[in-house]
Amino acid sequence: MGTGHFFWVIFYFASLCSASLANNAKINFREKEKKVLDQILGAGKYDARIRPSGINGTENLPTYVYVNMFLRSISKIDDYKMEYSVQLTFREQWTDERLKFDDIQGRLKYLTLTEANRVWMPDLFFSNEKEGHFHNIIMPNVYIRIFPNGSVLYSIRISLTLACPMNLKLYPLDRQICSLRMASYGWTTNDLVFLWKEGDPVQVVKNLHLPRFTLEKFLTDYCNSKTNTGEYSCLKVDLLFKREFSYYLIQIYIPCCMLVIVSWVSFWLDQGAVPARVSLGVTTLLTMATQTSGINASLPPVSYTKAIDVWTGVCLTFVFGALLEFALVNYASRSGSNKANMHKENMKKKRRDLEQASIDAASDLLDTDSNATFAMLRQCEVHMQAPKRPNCCKTWLSKFPTRQCSRSKRIDVISRITFPLVFALFNLVYWSTYLFREEEDETF
């Protein structure tokens, strides 16, 4: 056996020995970790039913629990049920002097547990929770870390559906504040106090996307409540959501405007086209009513008037007004026709009487002076002419003289100008009012 070969054999055995020693060290280290757990959590050594002492082991002071959370996602905000769903990682941290242990010269940074019932836990609950569940895939998403100084960190991933009372007066130009409230169920502030962790108590995942809302900002605060059994510690997070208006502009406002404008087409149709004008008016009215009912079906039946109610109500009124305008035009057309026929008969009778009187007067004055005769005939001609009416500064109506159906045409012409002007004025008042109130009512 050569020297080189002998050297490699020695190196191989040395490697095996070092690996064995390292494994033994790991085993010994895990054995020490097990001994530490048995030492602090062994039978008869730790009672999870007893609350930890206060700061520096003071029995008279409450236990302080520091809370922070990480918002992973907000899946939906339901206007009808007035609730929202959120998934978060929730963390609590407190100090339990009974859990102090030797860190083996800094080698044992913390102990990890997966069973929350092994140590004392704060009795925190979410006061505005409707539904909630833990996540158990693949393993329960929960852990407890015990640090050498007795500090305990509890972390868990949960999904919650929380109540969110909404004020929909400005819907869909509104902002909503949804809260997440956490409180102690049984321990009063004399025994347990919840505090927000200093620094950044609430973190939000980047690129948080909601289909119809935008999370503008959030604020942490305290909400301690007093009852006849005592005062209980409470924390809350207020989330300010702004509703995305572009969806409602495309789905509601623009279609309603188009329906109102389509209803005005009947003003340019002839008043004799009764089937066309009636069909157009009824169709737009039914479509607008269906649109309104569809909007209300997605909203709760509240007792106050919403911004969308004002819009749909006025649009429905304009469409209904266009249908009533045709009824007025039809009535004016029929009454004007009857009056025109009677006027024609009277004019014919008067003309015959004047012609007969002129003939009789001319035959009686054949022997008189020709100038006098001419003057009389001229006077009769002047009386036979229709009196001139003064111009009423409405030149756009001058093309409709007093003849058959002129009144009905005049109603159509007035409607062609009046309806768009009034609707434009309504839009000006509506948008200026609600957009201004949106900024004025924003309180956070």
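Reply: Happy to! The crossing of α2 and α3 is left-handed, a word used when the near helix is turned anticlockwise from the far one by less than a right angle, with clockwise being right-handed. This is a predicted model, where local features need pLDDT of at least 70 and side-chain atom pairs count only at pLDDT 80 or more, while totals for chains, interfaces and linings use all residues. Residues are numbered from 1 along each chain as its sequence is written, and side-chain values use heavy atoms, leaving out hydrogens and water.

Me: Are α2 and α3 roughly parallel or roughly antiparallel to each other?

Reply: Their axes come within 9 Å and cross at roughly 165 degrees. Axes are lines fitted to C-alpha atoms, for helices over the stretch in contact, and angles run from 0 to 180 degrees between N-to-C directions. Angles under 35 degrees count as roughly parallel, over 145 as roughly antiparallel, 65 to 115 as roughly perpendicular and the rest as oblique. So α2 and α3 are roughly antiparallel.

Me: Which residues make the nonpolar surface patch of about 370 Å²?

Reply: Patch residues have over 30% relative accessible area and no salt bridge; like charges are joined within 9 Å, and nonpolar side chains (Val, Leu, Ile, Met, Phe, Trp, Tyr) within 5 Å. Areas come from the Shrake-Rupley method with a 1.4 Å probe, and for residues only the protein chains shown count as cover. One member, methionine 258, sits in helix α2 (residues 245-263), where helices (H or I, at least four residues) and strands (E, at least two) are DSSP runs numbered from the N terminus. The patch is made by Leu249, Ile250, Ile254 and Met258.

Me: How exposed is methionine 258?

Reply: Buried means under 20% relative accessible area, exposed over 50%, and partly exposed in between (1.4 Å probe, protein chains only). Methionine 258 counts as exposed because its relative accessible area is 52%.

Me: How many salt bridges are there?

Reply: Side chains of opposite charge can pair when their charged atoms come close. The rule asks for a side-chain nitrogen of Lys or Arg within 4 Å of a carboxyl oxygen of Asp or Glu. One of these pairs is arginine 49 with aspartate 47, at 2.9 Å from N to O. The count comes to 12.

Me: How many residues apart are aspartate 191 and arginine 51?

Reply: These two form a salt bridge, with their closest N and O atoms 3.9 Å apart. Aspartate 191 lies in the loop between β8 (175-184) and β9 (192-196), and arginine 51 in the loop between α1 (3-41) and β1 (63-78). The pair links distant parts of the chain, and its partners are 140 residues apart.

Me: Which residue does a cis peptide bond join to tyrosine 171?

Reply: Most residues other than glycine have a negative phi, and most peptide bonds are trans. The bond here is cis, with omega about 5 degrees. Tyrosine 171 is joined to proline 172.

Me: What is phi of asparagine 207 near?

Reply: Asparagine 207 lies in the loop between β10 (202-204) and β11 (213-222). With a relative accessible area of 76%, asparagine 207 is exposed. Its phi is positive, although the residue is not glycine, and is near 60 degrees.
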